[in-house]
Amino acid sequence: MTRGRPRKRDCQYHGRMRVLAIESSCDESAVAILDSADGLLAHQIFSQIDLHRIYGGVVPELASRDHVVRLLPMVEETLAQAGTTPADLSGVAFTAGPGLIGALLTGAALARSLAYAWGIPAVGVHHLEVHLLAPLLEAEPPPLPHLALLVSGGHTMLIDVERIGSYHVLGETRDDAAGEAFDKSAKLLGLPYPGGPELARLAISGRADAFALPRPMLDRPGLEFSFSGLKTAVRLAVEQGGDAPGTRADIAASAQAAIVDTLIGKTVRALQQTGHRALVVAGGVGANRMLREKLSARADAMGVRVYYPRLEFCTDNAAMIAMAGLLRLEAGEAETLSIRARAQWPLSTLTPSIELS
Ligand code: KG4
Ligand code: ZN
């Protein structure tokens, strides 16, 4: 198999492949169809934000129930959009973990059943690995090896990606993830769930230097993160600053700057340590405009190229599930007939069965 964008590729093991993928690890139901020669044929994302918003966060049981209702019609619609029949498919990929176990099981059960009915293999993929592989859907995929900054709602990690399937975690958060820091700060400011994009929007009209919020762990050596102290500092700023619109925007801008500066400081350190010249930024917080602008400027100055997924593929989607599924199916991987999903699944336990040369 050659490396590069999927539409230019034919697999040496199985020839052309077409994969249907299902994502259901949290509060997005998503389905996609990816072809190894023609690229992404169709994809759909349904966000459950409206369902969970009144509770201020994701309610796992509601998430599972909604996936059950939505996913099968979405599979039918995506097949129609892609002009594809089950007979054209080489396999079905699904998110096997980590994530909410009930939500994961809905996608796993559907994917495993469809694959059985259609007489094709099913392959379960790792949700964090797929975030890392999302930039492979773009015209210019990142070279290997590279450094990856994975910043999502549940994870903040710096990862040395030696090859696909072989991930060495250099540092991660000791408590809250970067996405959680955004979401919790937003909640303290009275913004609706999910707070990250809302806080970023409010921050546009604020002054980032208005409040001196801590840059956690930046003054200490190492590549670990900690964001729980920032949440406390934001709470104090909200209590002291009051809720005048200008003050709220200033707090939002200051909180965003503190999170972004911390992420950039540690990422620069990891680039210096590893000597990598390519950086992948993946996960929902990778959609943050300030992070993108500041990180790109710092990386440019270091002669490092940054690779981002397109904005809609930073947050959860099935196109990236299909990408990982395609690679793993091409490498000959497939599930047994049992339905497998794991709430916890360390990234470092993955093996490089995927060969990209
Ligand atoms: O990767 P993702 O979609 O889901 C997980 O696998 O966790 O990430 C969701 C996280 C949420 O915390 C959300 O608030 C955050 O990404 N997020 C953002 C932005 N867009 C999404 N945070 C800051 N700025 C954004 N523009
Ligand atoms: Zn995710």
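I call a residue buried under 20% relative accessible area, exposed over 50%, and partly exposed in between (1.4 Å probe, protein chains only).

This is a predicted model, and I used local features only at pLDDT of at least 70 and side-chain atom pairs only at pLDDT 80 or more, while totals for chains, interfaces and linings use all residues. I number residues from 1 along each chain as its sequence is written, letter chains from A and number ligands from 1 in the order in which they are written, and take side-chain values from heavy atoms, with hydrogens and water left out.

**Cysteines**

I looked up C26 and found 23% relative accessibility, so C26 counts as partly exposed. C314 is buried, at a relative accessible area of 0%. I then looked for disulfides (a pair of cysteine sulfur atoms within 2.5 Å). The count is 0. For C26, the nearest cysteine sulfur belongs to C314, 16 Å away.

**Zinc site**

I counted as donors the N, O and S atoms within 2.8 Å of the metal (3.2 Å for Na, K and Ca); water is not among the atoms, so sites may look incomplete. H127 (NE2), H131 (NE2) and D316 (OD) coordinate the zinc ion (ligand 2) at 2.0 to 2.1 Å. The donor residues follow the spacing H-x3-H-x184-D. H127 sits in helix α4 (residues 127-133) and D316 in the loop between β10 (305-307) and α10 (319-330), so this pair ties together parts 189 residues apart in sequence. Helices (H or I, at least four residues) and strands (E, at least two) are DSSP runs, numbered from the N terminus. Both H127 and D316 are buried.
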